[in-house]
Amino acid sequence: MDLESYSKRFPVINFDNFKKSNGYCVTMPGNCEEALEDLDQLIKTSLKENEFTRRRRNHLMIEDFVKYPLKPSLQSLENTFVMWYLERPKNREWKDCVKEVGAFQTLQGFFILYNAVSPPSHLRNGHDYMLFKEGVKPMWEDEKNRKGGRWRVSVDVQRKEYLVRTDSYWYELAMAFIRGIFTDDDNVLGIVVNRRIKADKISVWTRDAKNKATNARIGRELRALLDIPTSGNMLYTPHSVQEEGL
């Protein structure tokens, strides 16, 4: 599918950003300079063209828009990540409302996609962004999610700065997720941001809801990452059980 077709399918994406940047993101959001200093998790070796081809899985790979002379300078991530977009029109099944936006396997690919889509605060209420490791679908019924659960952070819409907090939480969490900084990274499958009328929600999906020690550690690291006070609204929800507080 070409960019023109994707632009019609995904109104949240500004595809002009792909063209203007020639596939390479120059303006990076947030505290990127500090983040770049901590990228221990990245593979520093140059990437060959056949490595890109081997790792494609019929996704819209962001790296495909990078001109080849720049490809050896791309910094590879440990995983390929897929971003999804959920809109909730009436009279449609949930699975029919989920759309795959694109996938990336490098740090630069993440920033290209991050800059190209609207920030979460610009989404309409009831719409979501979801970022998952390749091979995991953003739904509870997926085989890899079935036994898992999620940590959820609520952003109070009554506070004046709530939109800034939603965007900030999403960016900081996405950076941590793709860099694999959680101690139990293998047990972190995806992250989600929900735009809602009463409270926006940021979630971290984990592999095994019964592994309480691992989930508690992920929760503590999430709280520290987003600087959430101990009194903050943060809950763990097994996909099949009631919510539990940390």
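**Buried elements, cavity and salt bridges**

Biologist: How many of the 10 residues of helix α5 (residues 107-116) are buried?

Modeller: Helix α5 is largely enclosed by the rest of the structure, because most of its 10 residues are buried. Helices (H or I, at least four residues) and strands (E, at least two) are DSSP runs numbered from the N terminus, and buried means under 20% relative accessible area, exposed over 50%, partly exposed in between (1.4 Å probe, protein chains only). Among the buried residues of α5 are Leu107, Phe110 and Ala116; the buried residues number eight.

Biologist: At which pLDDT do side-chain atom pairs count?

Modeller: Residues are numbered from 1 along each chain as its sequence is written, and side-chain values use heavy atoms, without hydrogens or water. The model is predicted, so totals for chains, interfaces and linings use all residues, whereas local features need pLDDT of at least 70 and side-chain atom pairs need pLDDT 80 or more.

Biologist: Which helix gives the most to the lining of the largest cavity?

Modeller: Rolling a probe the size of a water molecule over the atoms shows where empty space is left. A cavity is a set of points, on a 1 Å grid over the protein atoms alone, where a 1.4 Å probe fits but cannot get out, and lining residues have an atom within 4 Å of a point. Both α5 and α6 supply at least two lining residues each. With three residues, the greatest contributor is α5.

Biologist: How much space lies in the largest cavity?

Modeller: The structure holds one cavity of 30 Å³ or more, where grid points are joined across faces, edges and corners and a volume is the space filled by probe spheres set on the points. Its lining includes Met83, Tyr114 and Trp170, and the lining residues divide into nine nonpolar, no polar and no charged (Ala, Val, Leu, Ile, Met, Phe, Trp, Tyr, Cys and Pro count as nonpolar, Asp, Glu, Lys and Arg as charged, and the others, Gly among them, as polar). The space in the largest cavity is about 80 Å³.

Biologist: Is Ala176 buried or exposed?

Modeller: Ala176 lies in helix α6 (residues 162-179). Leaving aside neighbours within four places in sequence, Ala176 is in contact (heavy atoms within 4.5 Å) with Ile181, Phe182 and Leu225. Because its relative accessibility is 1%, Ala176 counts as buried.

Biologist: With which residue does Asp185 form a salt bridge?

Modeller: Side chains of opposite charge can pair when their charged atoms come close. A salt bridge is a side-chain nitrogen of Lys or Arg within 4 Å of a carboxyl oxygen of Asp or Glu. In this pair the closest N and O atoms are 3.5 Å apart, and the pair ties together parts 52 residues apart in sequence, because Asp185 lies in the loop between α6 and β5 while its partner lies in strand β3 (residues 128-133). The partner of Asp185 is Lys133.

Key:
1 Å grid on protein atoms, 1.4 Å probe; cavity = no way out; pocket = protein on both sides within 12 Å on 5 of 7 lines; lining within 4 Å.
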